[in-house]
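Please look over the structure shown here before reading on. The report is meant to be read beside it.

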Amino acid sequence: MTTVNTSITMKKGEVLKHTFLKVLPGTGAIELARKYFPPNVEYHDALEIASALIDGHFEGVDDPKVRRCAHCGYYYRDITKNNSSITCCKQCASGKDIVLKAWRREVRKVGKVRRLTWLDLHYASSYKGEPLEYPFWSSDWHMFEYDRKRKVYSFGDDFEQYVAQQKRKAEMGGKRKTPERIDYDGYNAPRNIHVKLGGHVGCGKVTVIKQSREEIEAELLARYGAKKLQQERVRAQMAALGRYKI
């Protein structure tokens, strides 16, 4: 197994090609350029000064402390004591590290064989590099197994349960149910309740009435009607089968 060397050390004055004059100038570059713009400068004169600063045709460019930023590519003045910085500010240093990490990641991928996924093995989406108009699975079992592993749905009644869950989520506005304010006829505000703890509390008489099945049905029929009783019987049968809760 060959080891790829991804270590890179940037020298002073080197600039990344991916970011050279393609990103906004850093704080150090702005501080250097600010010294060359006189107050109340005209627009055309400002363009000439900016062009000279970018190309390096300005007084003081030969100073060893003046160099291009390794990230943004603009000139800046090094303010460190040992003259060792290669970027003009912390933001450019962070951007430089991000670019180098991405480059190292791509270099490490070269020569590595990618592991085949479930889609690569059992799902045909292209032929000879051209995408298929109608992609297809090698079998129904592979399609259901792919969805089952990702908890989309599985065999049997689970698919109907999944559809019902998604419908309830859409009606409620998401997984978490939105709080509802219930009207209690103006008694929503908390009230002080006085409870008498001492003394004996007596109970009234309890009357027990025994009725037969026919008498109970006759009373319910007179109180609720035949249509309501039929609905409750159907509801009780569906609850006994486990279709829905009471």
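**Overall makeup and confidence**

This is a predicted model. The chain has 246 residues, of which 18% count as buried. Among contacts in the chain with a separation of 6 or more, 43% come from residues 24 or more positions apart.

The mean pLDDT of the chain is 81, and 78% of the residues score at least 70. Helix α6 (residues 158–172) has the lowest confidence, with a mean of 76. The highest confidence belongs to strand β2 (residues 75–77), at 94.

Helix α7 covers residues 213–224, twelve residues in total. From its first C-alpha to its last it reaches 16 Å, close to the 16 Å expected at 1.5 Å a residue.

How do α7 and α8 (residues 226–240) cross, and at what angle? Their axes come within 7 Å and cross at roughly 115 degrees. Angles of 65 to 115 degrees count as roughly perpendicular, so α7 is roughly perpendicular to α8. On the α7 side, the contact is made by Glu217, Leu220, Leu221 and Tyr224. On the α8 side, Ala226, Lys228, Leu229 and Arg233 take part. Sorted by class, this contact of α7 with α8 has five nonpolar, three charged and no polar residues.

**Buried residues of α5**

Which residues of helix α5 (residues 140–149) are buried? They are His142, Glu145, Tyr146 and Asp147. The cover over the buried residues of α5 includes α4 (118–122) and β4.

Leu21 and Lys128 each have a backbone phi worth checking on the display. Leu21 is not a glycine, yet has a positive phi of about 55 degrees. This residue, Leu21, sits in the segment before α1 (27–34). For Lys128, also not a glycine, the positive phi is about 55 degrees. Lys128 is found in the loop between β3 (123–127) and β4 (130–137).

Thr87 belongs to the loop between β2 and α3. Is Thr87 buried or exposed? Its relative accessible area is 13%, and under 20% counts as buried, so Thr87 is buried. Leaving aside neighbours within four places in sequence, Thr87 is in contact with Cys69, Ala70, Tyr76, Cys92, Ala93 and Lys96.

Ala93, one of these contacts of Thr87, has its place in helix α3 (residues 90–109). Cys69 is also one of the contacts of Thr87. Ala93 and Cys69 are 24 residues apart in sequence, and their C-alpha atoms are 9.1 Å apart in space.

**Accessibility of the single residues**

| Residue | Relative accessible area | Class |
|---|---|---|
| Leu21 | 31% | partly exposed |
| Thr87 | 13% | buried |
| Ala93 | 23% | partly exposed |
| Lys128 | 72% | exposed |

How values were computed. Residues are numbered from 1 along each chain as its sequence is written. This is a predicted model: local features need pLDDT of at least 70, side-chain atom pairs count only at pLDDT 80 or more; totals for chains, interfaces and linings use all residues. Side-chain values use heavy atoms; hydrogens and water are left out. Helices (H or I, at least four residues) and strands (E, at least two) are DSSP runs, numbered from the N terminus. The expected span of a helix is 1.5 Å times one less than its number of residues. pLDDT is the predictor's confidence in each residue, from 0 to 100. Axes are lines fitted to C-alpha atoms, for helices over the stretch in contact, and angles run from 0 to 180 degrees between N-to-C directions. Angles under 35 degrees count as roughly parallel, over 145 as roughly antiparallel, 65 to 115 as roughly perpendicular and the rest as oblique. Contact means heavy atoms within 4.5 Å. Ala, Val, Leu, Ile, Met, Phe, Trp, Tyr, Cys and Pro count as nonpolar, Asp, Glu, Lys and Arg as charged, and the others, Gly among them, as polar. Buried means under 20% relative accessible area, exposed over 50%, partly exposed in between (1.4 Å probe, protein chains only).
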